[in-house]
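Thanks for passing this one along.

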Amino acid sequence: MSNSNDTKNNQSPEQFIELLGQPYDAKQIQALLEPFGVKKIAKPDGPFQDDILWSVKASVRIDVYRSPKINTLTGRDDLPAEEWIIGAIHFLAPGSDDRIKKPFAGQLPKGMTMNATPDEWIEAYGHPDIYEQGDWLGGRGPYLAWRKSGINISVEYDTDEDSSVITCVTFCLIGCMGAWQSDFPEVFAP
């Protein structure tokens, strides 16, 4: 007999990452989030060329974009023009947003979890392109970021006197961390 934790542990974390650059399909996303108790996920409906879809229950945020914004951000011209495209997946924990009350409960790629230390991330992904300690752009605690083939990975920690905890793990298409492109173009610019 399997319980919900077994289901969560059997969920392939790579399935989430494979969605980057793909058209948004609410049924597909809901199926991936179902092991976390998600019965329904919103469809993008913003009047602009970007939208944010939240699953507070699963502690996941999905950033979607339409053309031409996705093309401008990523420097790509091979993405479908008339559809919402998934540009980023954020796995969240308390401290990332007031709506988030518990950390993402699933496993992340390469066996990582929301409890992983900076050293464990480095062991899994190699030396980060950015490794900030202390205060950084909007946070306090270690911040790690990598530029890998076609994607960025970032891990944000919040530190107090007693501990350091992950608040957000982001996997996104290169360029979809647009606000950071000018600060760290070698990592985030297309």
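1. A word on ground rules. This is a predicted model, in which local features need pLDDT of at least 70 and side-chain atom pairs count only at pLDDT 80 or more, while totals for chains, interfaces and linings use all residues. Residues are numbered from 1 along each chain as its sequence is written, and side-chain values use heavy atoms, with hydrogens and water left out.

2. Overall build. The protein chain holds 6 helices and 9 strands (DSSP runs numbered from the N terminus: H or I of at least four residues for helices, E of at least two for strands). Its radius of gyration is 16 Å, close to the 16 Å that the globule rule gives for 190 residues, so the chain is as compact as a globular protein of that length. That radius is taken over C-alpha atoms, and the rule is 2.2 Å times the number of residues to the power 0.38. The C-alpha trace spans about 50 × 50 × 30 Å along its principal axes.

3. Of the 190 residues, 47% count as buried (under 20% relative accessible area, with exposed over 50% and partly exposed in between; 1.4 Å probe, protein chains only). Taking contacts (heavy atoms within 4.5 Å) between residues at least 6 apart in sequence, 46% join residues at least 24 apart.

4. Please look at strand β8, residues 151-159, where 7 of the 9 residues are buried. On one side of the pairing list, β7 (residues 143-148) runs antiparallel to β8 over 6 bridges; strands count as paired if DSSP finds at least two bridges between them. L144 has V155 in β8 as its bridge partner. The β7-β8 hairpin has 2 residues between its strands, and G150 in the turn shows a positive phi of about 80 degrees.

5. Onward to β9. Strand β8 also pairs with β9 (residues 164-173), again in the antiparallel sense, over 9 bridges.

6. One residue to check. Leaving aside residues up to four places away in sequence, S55 touches L33, V38, I41 and V60.
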